[in-house]
Amino acid sequence: QVTLVESGGGLVEAGGSLRLSCVVSGVTISRFPLGWFRQAPGKDRERVATISSEGGDTNYHDSVKGRFTISRENAKNTVYLQMDSLKPEDTAVYYCAISFIRGEHNYWGQGTQVTVSS
């Protein structure tokens with residue numbers, strides 16, 4: 001059984017920072033890509049950031065480039081999302097996911113709420 005548990009969300013003022021964590025259980029993550037996604041009410045889910053198995057290749061949605069940083073610590077089976085200079089538009093439920101097959105994200109966490117006040 002593969003389980004992902006996100007934490008670190010909360011309420012923050014615009015311009016503030018949060019760091020999200022996602023701990024994966026049931027599989028060793030070292031050889032698999034990981035990603036962070038978000039979904040706001042009334043909007044489609046969008047990919048925020050992805051990271052390769054070794055951590056050397058990262059990709060970001062244009063709206064968060066320069067503000068968010070994805071990283072991983074394989075020894076702790078954990079992926080992080082550092083969010084700086086937060087904007088109200090970043091308000092959403094944030095999910096982490098692990099990819100076992102190229103082009104797919106096979107297991108998802110239940111999400112953590114991030115709310116940015118103006």
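# Briefing: strands, hairpins and selected residues

In β5, R47 is the bridge partner of F37. The two strands involved are β4 (residues 34–39) and β5, paired in the antiparallel sense over five bridges. The model is predicted: local features need pLDDT of at least 70, side-chain atom pairs count only at pLDDT 80 or more, and totals for chains, interfaces and linings use all residues. Residues are numbered from 1 along each chain as its sequence is written, and side-chain values use heavy atoms, with hydrogens and water left out.

- Strands here are DSSP runs of E with at least two residues, numbered from the N terminus (helices are H or I, at least four residues).
- Two strands pair if DSSP finds at least two bridges between them.
- The hairpin of β4 and β5 has six residues between the strands.
- In that hairpin, G42 takes a positive phi near 80°.
- β5 also pairs with strand β6 (residues 58–60).
- Three bridges join β5 and β6, and the two run antiparallel.
- I51 has T58 in β6 as its bridge partner.
- The hairpin of β5 and β6 has six residues between its strands.
- There, G55 takes a positive phi near 90°.

**The four-stranded sheet**

- Which strands form the open sheet, and in what order? Four strands form it, in the order β1-β3-β8-β7, with antiparallel pairing.
- The edge strands are β1 (3–7) and β7 (68–73), and each of them pairs on one side only.
- β1 is joined to strand β3 (residues 18–25) by five bridges, and the two run antiparallel.
- Within β3, V23 stands opposite V5.
- Six bridges pair β3 with β8, in the antiparallel sense.
- L18 has M83 in β8 as its bridge partner.
- β8 also pairs with β7 over six bridges, in the antiparallel sense.
- Y80 in β8 stands opposite S71.

**T78, in β8**

- T78 is found in strand β8, which covers residues 78–83.
- Is T78 buried or exposed? At 5% relative accessibility, T78 counts as buried.
- The cut-offs are these: buried means under 20% relative accessible area, exposed over 50%, and partly exposed in between (1.4 Å probe, protein chains only).
- The T78 side chain reaches the backbone oxygen of K76 at 2.8 Å.
- That is a polar contact, a pair of N or O atoms within 3.5 Å; within protein, one must be able to donate a hydrogen and the other to accept it, and residues adjacent in sequence count only if both atoms are side-chain atoms.
- Leaving aside neighbours within four places in sequence, T78 is in contact with S21, C22, V23, I29, R72 and E73.
- Contact means heavy atoms within 4.5 Å.

**R19, in β3**

- R19 has its place in strand β3.
- With a relative accessible area of 48%, R19 is partly exposed.
- Which residues does R19 contact, leaving aside its neighbours within four places in sequence? They are S7, G8, Y80, L81 and Q82.
- R19 and G9 are 10 residues apart in sequence. In space, they are 7.6 Å apart, C-alpha to C-alpha.

- Most residues other than glycine have a negative phi.
- N77 is not a glycine, although its phi is positive, at about 55°.
- The place of N77 is in the loop between β7 and β8.
- N77 counts as buried, at 14% relative accessibility.
- S85 is another residue other than glycine with a positive phi, near 50°.
- S85 has its place in the loop between β8 and β9 (92–98).
- Where N77 counts as buried, S85 counts as partly exposed, at 41% relative accessibility.
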